[in-house]
Amino acid sequence: MTKRWYKPKTHSGWKKNQSPTTRRSKLLSSTKKSTSMHKRYVSAGRKIQALANVTKDKSTESKARVDANYFFKKAKK
């Protein structure tokens, strides 16, 4: 058994085998509802970027980076 050292503060339900819209809606719904949409987009992007930075699975990394870039582009608008 491998030792897991990455422990996110909240779990979003994000899975790499889900459709992109499902993954992104789960990420966005796991952010704080009382903040602005800009901050929610940035928060969701940072959450999934952290996963992309620590995973060793290439497909998880690529999908997580795509989702992170999606949220960062939404935050810039």
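## A salt bridge between Lys16 and Asp57

In this predicted model, Lys16 and Asp57 form a salt bridge, with their closest N and O atoms 2.4 Å apart. The pair joins distant parts of the chain, since Lys16 lies in the segment before H1 and Asp57 in the loop between helix H2 (37-54) and helix H3 (58-76). The two residues are 41 residues apart.

Lys16 has a relative accessibility of 33%, so this residue counts as partly exposed. Asp57 is also partly exposed, because its relative accessible area is 30%.

## A link between helices H1 and H3

A salt bridge also connects the side chains of Arg23 and Asp67, at 2.8 Å from N to O. Arg23 belongs to helix H1 and Asp67 to helix H3, so that distant parts of the chain, 44 residues apart, are linked. Are these two residues buried or exposed? Both Arg23 and Asp67 are buried.

Arg23 and Asp67 are joined by Arg24 in a network of salt bridges. Arg24 is part of helix H1, which covers residues 20-29. Its relative accessibility is 18%, and Arg24 therefore counts as buried, the cut-off for this class being under 20%. Leaving aside residues up to four places away in sequence, Arg24 touches Val66, Asp67, Tyr70 and Phe71.

Lys58 and Glu61 form another salt bridge, in which the closest N and O atoms are 3.8 Å apart. Why are these residues separated by about one helical turn? The reason is that Glu61 and Lys58 are three residues apart in helix H3. Lys58 counts as exposed because its relative accessibility is 62%.

How many salt bridges does the count come to? The count is five. As a general point, side chains of opposite charge can pair when their charged atoms come close.

## The largest nonpolar core

The largest nonpolar core is made up of twelve residues, among them Trp14, Leu27, Tyr41, Ile48, Ala64 and Phe71. Helices H1, H2 and H3 are the elements that give two or more residues to this core. Which element gives the most? Helix H2 does, with five residues.

Not counting residues up to four places away in sequence, Leu27 touches Ser12, Trp14, Ala44, Lys47, Ile48 and Phe71. Phe71 is also touched by Arg24, a residue of the salt-bridge network.

Note on methods:
Residues numbered from 1 in each chain as written. Predicted model: local features only at pLDDT ≥ 70, side-chain atom pairs only at ≥ 80, totals over all residues. Heavy atoms only, no water. Helix = DSSP H or I, 4+ residues; strand = E, 2+ residues; numbered from the N terminus. Buried < 20%, exposed > 50% of the residue type's maximum accessible area, 1.4 Å probe, protein only. Contact = heavy atoms within 4.5 Å. Salt bridge = Lys/Arg side-chain N within 4 Å of Asp/Glu carboxyl O. Core = buried A, V, L, I, M, F, W, Y, C linked by side-chain atoms within 4.5 Å.
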